[in-house]
Amino acid sequence: DQMDEESQQCFRSEKNGVPTIVGEPQTNCKETPVVGPDSPAPEYSPKSDDGGCFITEQRHNNCYNYGNDVVTNTFAQPGRGSGEKWKANTCEDVRAAAERDGLVWHGNDAVPTAQPEEGGHFVALLIWPKTNFHWIRMDRDLFWSHKPGQTAVRNVDNTGSKITDPSKSDFSPWTQFCGYFRTVPSNTTLN
């Protein structure tokens, strides 16, 4: 897997097989959950986001973890934290599972143009038909970023373009846009 340039630059060395982050507080990424702040919305900064855990524990956290800004090291699945994981790979089923975990449906009509006044941040859900889901996170600067599966966090879509509207960006094979949610990291139950 290739890491983005910022992720590559933040490693100083490996100690006992664990990458060490340059210039960041030492967060024990094995003690989970590592929960990002409820407000303000997260910045796009893989080396400092949640103490750099999305880099050091990259393979154990996915788009749902990253979108919600919560490191669990469980490759979180919508609904599993609240006791009933999604069953069908549809917008409706994954939406219901995410809502059980504490996410709040915002709609699918228009891309949010500001962070939520009530705290937290926005995420967008896309579906790879009959296969799986993908979550995209709105960062503090109102651009979006994501973490496809076990790969590195990135702030561009598949064409290399900054993400301003997840419903119009290229995230193939996740081609079905479902809508937007508000998430508050401390109010979500991820596993």
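**Briefing: ring contacts and disulfides**

The charged end of Lys-162 is placed over the ring of Phe-143, at 4.6 Å from the ring's centre. This contact belongs to a predicted model, in which nine aromatic pairs and two disulfides are found. The points below take the charge contacts, the aromatic rings and the cysteines in turn.

**Charges over rings**

- Besides the contact of Lys-162 with Phe-143, Lys-85 lies over the face of Trp-86, with a distance of 4.8 Å from the ring centre.
- Trp-86 also belongs to a cluster of linked rings, described next.

**Aromatic pairs**

- The count of aromatic pairs comes to nine.
- One of them joins Trp-105 and Phe-181 in an edge-to-face arrangement, with 5.1 Å from centre to centre and 80 degrees between the planes.
- This pair links distant parts of the chain, since Trp-105 belongs to strand β5 (residues 104-107) and Phe-181 to strand β9 (residues 176-183), 76 residues apart.
- Trp-105 has a relative accessibility of 26% and therefore counts as partly exposed, whereas Phe-181, at 0%, counts as buried.
- Ring pairs connect Trp-105 and Phe-181 with Tyr-64, Trp-86, Phe-133 and Trp-135 in a cluster.

**Disulfide Cys-29 to Cys-53**

- The sulfur atoms of Cys-29 and Cys-53 are 2.0 Å apart and form a disulfide.
- Its S-S torsion is about -85 degrees, so the bond between Cys-29 and Cys-53 is left-handed.
- Cys-29 and Cys-53 are both buried.

**Disulfide Cys-91 to Cys-178**

- Cys-91 and Cys-178 are joined by a disulfide with an S to S distance of 2.0 Å.
- The torsion about this S-S bond is about -70 degrees, so the disulfide of Cys-91 and Cys-178 is left-handed.
- Because Cys-91 lies in helix α4 (residues 91-100) and Cys-178 in strand β9, the pair ties together parts that are 87 residues apart in sequence.
- Cys-91 is buried at a relative accessible area of 10%, and Cys-178 is buried at 5%.

**Cysteine pattern and Cys-63**

- With bonded cysteines counted along the chain, the disulfides follow the pattern 1-2, 3-4.
- Cys-63 has a relative accessible area of 3% and is therefore buried.

Terms used: Residues are numbered from 1 along each chain as its sequence is written. This is a predicted model: local features need pLDDT of at least 70, side-chain atom pairs count only at pLDDT 80 or more; totals for chains, interfaces and linings use all residues. Side-chain values use heavy atoms; hydrogens and water are left out. Rings of Phe, Tyr and Trp (its six-membered ring) pair if their centres lie within 6.5 Å; planes under 30 degrees apart count as stacked, over 60 as edge-to-face and the rest as tilted. Helices (H or I, at least four residues) and strands (E, at least two) are DSSP runs, numbered from the N terminus. Buried means under 20% relative accessible area, exposed over 50%, partly exposed in between (1.4 Å probe, protein chains only). A charge sits over a ring if NZ of Lys or CZ of Arg is within 6 Å of the ring centre and within 35 degrees of the ring normal. A disulfide is a pair of cysteine sulfur atoms within 2.5 Å.
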